[in-house]
Amino acid sequence: MGKVIAIANQKGGVGKTTTAVNLAASMAATKRKVLLIDLDPQGNATMGSGVDKYELPATAYELLIDEKPLDQVVVKQTSGGYHLVAANSDVTAAEVRLMDVFARELRLRNALKNWRNSYDYIFIDCPPSLNMLTVNAMAAADSVLVPMQCEYYALEGLTALMDTIRQLASVVNADLKIEGILRTMYDPRNRLATDVSEQLKQHFGDKVYRTVIPRNVRLAEAPSFGSPVMYYDKSSTGAKAYLALAGELLRRADHKPAAGVSGATAES
């Protein structure tokens, strides 16, 4: 059965969508069957996958509200080699409509129930807020991957996010776990970044991935070309870092869920 990982952080601008697109592409490059679900009405993961969000026959709206089967909603041709449930502004309406439907927090879990065996990994790109779309992602997921910058306010917000995840677990998904914490936009020359990084490792131990995602201009440029960075510039440090992250996830899965292992890392 495929593993479902929600990629979430209530703080915007931390590399959440960048991580969703590039991790999905990196996993697909290892010959895993991958589905990326874009639950953010901005549709950035959709555009970053080479799919025009303005020309979509169906989106996450139809999956959640109209309860269309996944195979009638999924986009199978993306620039990253994975399948995609796309998003655009219609998904904002889905958030509103969900408030009036039965078992509203379980719509995504139920939609994926008969399709998990079709994929090795399902990644969910969550909105940068705690709303009914995020609650659906948490209810459907096995675990949560948290991208964060190594800054003081990000560290403070991480504690609040962990509390939120624990509360959601107690209400909608008792099996929900923290998959890992990913340090993004990392600059080892920045003293604050290294200090916060050390605090993260002290507090969260092996939940912190050894792989770090550096600040990299190619990572910033790739979405404007509708491509994951590994297909935009495979030699870039950003591409290598996300491939290393995929490898780390796979090694952890081979041992036990969310366990720390030794191995290749992009950290320097």
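What you're looking at is a predicted model, where local features need pLDDT of at least 70, side-chain atom pairs count only at pLDDT 80 or more, and totals for chains, interfaces and linings use all residues. Residues are numbered from 1 along each chain as its sequence is written, and side-chain values use heavy atoms, with hydrogens and water left out.

- Strand 5 and strand 6 run parallel and are joined by 7 bridges, with V146 standing opposite I181 in strand 6.
- To get from strand 5 to strand 6 the chain passes through helix 7, in a right-handed β-α-β crossover (right-handed if, with the strands pointing away from the viewer, the path from the first strand over the helix to the second runs clockwise).
- Strand 6 (residues 177–186) is joined to strand 7 by 3 bridges, and these two run parallel as well.
- Across that pairing, I181 stands opposite V208, and Y186 stands opposite P214.
- Strand 6, helix 8 (residues 191–204) and strand 7 make up a right-handed β-α-β unit.
- Strand 6 has 8 of its 10 residues buried, so the rest of the structure largely encloses it (buried means under 20% relative accessible area, exposed over 50%, partly exposed in between, with a 1.4 Å probe and protein chains only).
- Strand 7 has 5 of its 7 residues buried, so it too is largely enclosed by the rest of the structure.

**A residue to look up: L145**

- L145 belongs to strand 5 and counts as buried because its relative accessibility is 0%.
- Leaving aside neighbours within four places in sequence, L145 is in contact (heavy atoms within 4.5 Å) with residues including I5, A6, L23, G180 and Y209.
- L145 and I178 are 33 residues apart along the chain, and their C-alpha atoms are separated by 6.4 Å.

**The largest pocket**

- So where is there empty space? Rolling a probe the size of a water molecule over the atoms shows where it is left.
- The largest pocket holds about 460 Å³ of space; on a 1 Å grid over the protein atoms alone, a pocket is an open set of points with protein on both sides within 12 Å along at least five of seven lines, a cavity is a set where a 1.4 Å probe fits but cannot get out, and lining residues have an atom within 4 Å of a point.
- For volumes, grid points are joined across faces, edges and corners, and the space filled by probe spheres set on the points is taken.
- The pocket has 28 lining residues, and G15, K16, T17, T18 and M185 lie nearest its centre.
- Helix 1 (16–29), helix 2 (44–48), strand 6, strand 7 and helix 9 (217–221) each give two or more residues to this lining, and helix 1 has the largest share, with 5 residues.

**The cavities**

- Among the residues lining the largest cavity are N9, P127, S129, T134 and L168.
- Helix 6 (132–140) and helix 7 each supply at least two lining residues, and the largest share, 3 residues, comes from helix 7.
- T134 lies in helix 6 and counts as buried, because its relative accessibility is 4%.
- Apart from neighbours within four places in sequence, T134 is in contact with C126, P127 and S129.

Definitions and conventions
Pairing = 2+ DSSP bridges. Helix = DSSP H or I, 4+ residues; strand = E, 2+ residues; numbered from the N terminus.
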